[in-house]
Amino acid sequence: MGWLWAIIVGFVLGLIAKAIIPGKQHSPLWLVTIFGILGAVAGNALARAAGVDATSGIDWWRHVFQVIAAVIIVSVGDRLYMALRGNRRRA
């Protein structure tokens, strides 16, 4: 069940990140899902480092860290994807 939740959370975080980032992103959904999973992991690590990983009730700060990390990772990942894809077309 852990992998299923990771995929679902990654998909949702990736879509939220794509909606926040201005302009069009060209990454396919499977890659956005992977970026979202990485954003969730990085956000959890940042929340743990900040000391807000476990609170009573809903962990709003942890979710904020996850969304911020997902936005950064989707943005950078999309640029890398387009750079690699562009180089492949020229060859």
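Biologist: Which residues does Gly10 touch, not counting residues up to four places away in sequence?

Modeller: Gly10 touches Val32, Thr33, Gly36 and Ile37. A contact here means heavy atoms within 4.5 Å. Keep in mind that this is a predicted model, where local features need pLDDT of at least 70, side-chain atom pairs count only at pLDDT 80 or more, and totals for chains, interfaces and linings use all residues. Residues are numbered from 1 along each chain as its sequence is written, and side-chain values use heavy atoms, with hydrogens and water left out.

Biologist: Why is Gly10 called buried?

Modeller: Buried means under 20% relative accessible area, exposed means over 50%, and partly exposed is in between (1.4 Å probe, protein chains only). Gly10 has a relative accessible area of 0%, so Gly10 is buried. Gly10 sits in helix H1.

Biologist: What makes something a helix in this model?

Modeller: Helices are DSSP runs of H or I with at least four residues, strands are runs of E with at least two, and both are numbered from the N terminus. By that rule the protein has three helices and zero strands. The order from the N terminus is α-α-α.

Biologist: What about H2, with its 22 residues?

Modeller: H2 reaches 31 Å from its first C-alpha to its last. The expected value is 32 Å, so H2 comes close to it. After H2 comes Gly51, whose phi is positive, near 80°.

Biologist: Which residues of H1 are buried?

Modeller: Gly10, Leu13, Gly14 and Ala17 are buried in H1. They cover an arc of only 105° around the axis, so they lie on the same side of H1. The arc is taken from the directions from the helix axis to the C-beta atoms. The face turned away from that buried side carries the exposed residues Trp5 and Ala19.

Biologist: Which residues are buried in H2?

Modeller: Among them are Leu31, Val32, Thr33, Phe35 and Gly36. Val32 has a relative accessible area of 1%, so Val32 is buried. Not counting residues up to four places away in sequence, Val32 touches Gly10, Gly14, Leu15, Lys18 and Ser27. Val32 and Arg48 are 16 residues apart in sequence and 24 Å apart in space, C-alpha to C-alpha.

Biologist: What makes a set of residues a nonpolar patch?

Modeller: Patch residues have over 30% relative accessible area and no salt bridge; nonpolar side chains (Val, Leu, Ile, Met, Phe, Trp, Tyr) are joined within 5 Å, and like charges within 9 Å. One nonpolar surface patch here covers about 850 Å², and its residues include Leu4, Trp5, Ile8 and Leu29. The areas come from the Shrake-Rupley method with a 1.4 Å probe, and for residues only the protein chains shown count as cover. Helix H1 (residues 2-20) gives the most to the patch, with nine residues.

Biologist: Why is Leu4 called partly exposed?

Modeller: Leu4 has a relative accessible area of 44%, which falls in the partly exposed range. Leu4 lies in helix H1.

Biologist: How many salt bridges does a search of the whole structure find?

Modeller: The search finds one salt bridge. Arg62 forms a salt bridge with Asp59.

Biologist: Why is the link between Arg62 and Asp59 called a salt bridge?

Modeller: A salt bridge needs a side-chain nitrogen of Lys or Arg within 4 Å of a carboxyl oxygen of Asp or Glu. The closest N and O atoms of Arg62 and Asp59 are 3.3 Å apart, so the pair qualifies. Side chains of opposite charge can pair when their charged atoms come close.

Biologist: Is Asp59 buried or exposed?

Modeller: Asp59 has a relative accessible area of 13%, so Asp59 is buried. Asp59 is in the loop between helix H2 (29-50) and helix H3 (60-90). Leaving aside neighbours within four places in sequence, Asp59 is in contact with Asp53 and Ala54.

Technical notes. Expected span 1.5 Å × (residues − 1).
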